[in-house]
Structure formats: structure tokens, C-alpha cells
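Please view the sequence and the structure together before reading the points below.

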Amino acid sequence: MRVSLRRTGPALALGAAALLAACTPVAAPPPAPTPPSQATRACGGSSSASSAAAPGGGSETATLNEPAAAAEGGTAYTNASDRLPDGSVPLVTIELRGDHLEIDTTRVHSSDAAAAVAASAAAGDDLVAVFPDTRVATAETSRPSADAATANDTDRSRQWALDQAGFESAWDASDGTGTTVAVIDTGVQSSHPDLAGQVLAGRRFTGDGASGVAMNPAYDDHGHGTHVAGIIASVANNAQGIAG
């Protein structure tokens, strides 16, 4: 196993799982996968829950009592600018669960219902926030549109995940310039034409040179690392391969 550093081109900083699902391999890609059905709005379900690490530990996080939570819930409904087609508001409540945050989204159809949901969430003395879920949009810039930026990458049409999740819309705000990503994997084929100028020297930590000997230029004797590096940093709009 080796570690290589790669400069990103137009790309988002994604978690490892999202990166591996984001597109087809750089070299010798398999047939394009069947796109999943159109993803529904994340806040569309009632009382759906997920967990995320609580920043900085939860012991000092301020919580809302029931009256304060009810007031915030009612205000959140009244002031919500983004409503679902049926007129309801997706109300988000965040509760502290030990060292994690539990995030619930519930559709409410009135300020009284929103107040009741928020007060119920605060009953355990662990509610830290309540607010309406809203859609956000990136700011308009002078940067070319995402379609223009990736139009001539030969395999861009097979990167269905970029279409499903709308990752490219974030390029209006940032294209990753100046960001370095470290990938712990099998190395990377730094001479790959779709990674030209994107790869920094790496180090080997297994097999020959396990003490961390530098690999300059970086190389890959397996292929998986190059696949991952391509998802992150493939050059866009260069008439070959994919868009990172």
C-alpha cells in the first residue's frame, strides 16, 4: 500500500464511499451501470433519521427546553421560505445522543404542529436546534457552465452519479484549485494522460520500501489507486477519459 498526494481539478471533497460510487474507472472502465431511480428530496419523508459526529464533543452543547423549542418550531414554520408541493414544511430537529447528533426531519402542516414536534423533541433535554429545511443554490460566477466544462470528456456521459447528485453545480462556487487530497491506496499511475500534472510524489508503506520511501514519480502496480485518483482529480474538458 502506498500514499500519494494529488492536486484536485474541478471536484468536490467527498467521503470515501461517495468517491468510490461517483464515476467509472479511469482505465478500462466496465459497462456503464444502470442509473438508479431519481433520488427523492432528502427531507421528504416523515421522521427520517440519521446520525453524525457531534463537533467538539456534546457535553457543553446548549439544549432547548420545551417552551423555547415550541416557540422556535412555530416560528420556523411561519418563516419557512421553502414548502413542499402539499404545503407542508420539512422541520429539522437535532438532538444530542451521547457524543453524536441525531437529525430528524418531519413534515408539518401548521405552526402548532411544528411547535408540538419541537417540544416533543425537547422533552428529553437533548434538543440543540430546530429549523425548517431549505434548498440552497450556488452563487452565479463568470466561470463557464458545468456542461461547457465537461462537454468533450469522452466518458463524461457515463458518469451518471454526477448527473444524479448535481455535483457540478458546486463548481460555480469552487473548483478545488489549491486543494491537495491524500489517498491511501495502491499508488497512482502519474503518467496517465487524464492525470497529467495532477499527481504529487507519494510514499510506499508496504512491501519493498515499507519504511516510507518516496515514490517520485508516483506509480501504481495494481490499478485501484489510479481509479480513485481519477474520480478525484481527472482533468476535465481535455477530450479524453472522465471529469474529476
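The points below concern confidence, helix packing and ring interactions.

The structure is a predicted model. Its pLDDT averages 73 over the protein, and 68% of the residues score at least 70.

**Confidence along the chain**
- Helix H3, residues 111-122, has the highest mean pLDDT among the elements of the protein, at 94.
- Helix H1, residues 16-21, has the lowest, with a mean of 35.
- The pLDDT is below 50 over residues 1-59, a stretch for which the model has 155 contacts beyond near neighbours in sequence.
- Residues 141-146 likewise stay under 50 in pLDDT, and the model gives them 6 contacts beyond four places in sequence.
- Where pLDDT is low, the predicted coordinates should not be read in detail.

**Packing of H2 and H3**
- Helix H2, residues 66-79, packs with H3 at an angle of about 145°, and the two axes are 7 Å apart.
- The crossing of H2 and H3 is right-handed.
- On the H2 side, the contact is made by Glu66, Ala69, Ala70, Gly73, Gly74, Tyr77 and Thr78.
- Their partners in H3 are Ser111, Ala114, Ala115, Ala118, Ala119 and Ala122.
- By class, the residues of this contact comprise 8 nonpolar, 4 polar and 1 charged.

**Ring interactions**
- Tyr77, one of the H2 residues that meet H3, has the charged end of Arg83 over its ring, 4.6 Å from the ring centre.
- A search of the whole structure for aromatic pairs finds 0.

Terms used
Residues are numbered from 1 along each chain as its sequence is written. This is a predicted model: local features need pLDDT of at least 70, side-chain atom pairs count only at pLDDT 80 or more; totals for chains, interfaces and linings use all residues. Side-chain values use heavy atoms; hydrogens and water are left out. pLDDT is the predictor's confidence in each residue, from 0 to 100. Helices (H or I, at least four residues) and strands (E, at least two) are DSSP runs, numbered from the N terminus. Contact means heavy atoms within 4.5 Å. Axes are lines fitted to C-alpha atoms, for helices over the stretch in contact, and angles run from 0 to 180 degrees between N-to-C directions. A crossing is left-handed if the near helix is turned anticlockwise from the far one by less than a right angle, and right-handed if clockwise. Ala, Val, Leu, Ile, Met, Phe, Trp, Tyr, Cys and Pro count as nonpolar, Asp, Glu, Lys and Arg as charged, and the others, Gly among them, as polar. Rings of Phe, Tyr and Trp (its six-membered ring) pair if their centres lie within 6.5 Å; planes under 30 degrees apart count as stacked, over 60 as edge-to-face and the rest as tilted. A charge sits over a ring if NZ of Lys or CZ of Arg is within 6 Å of the ring centre and within 35 degrees of the ring normal.
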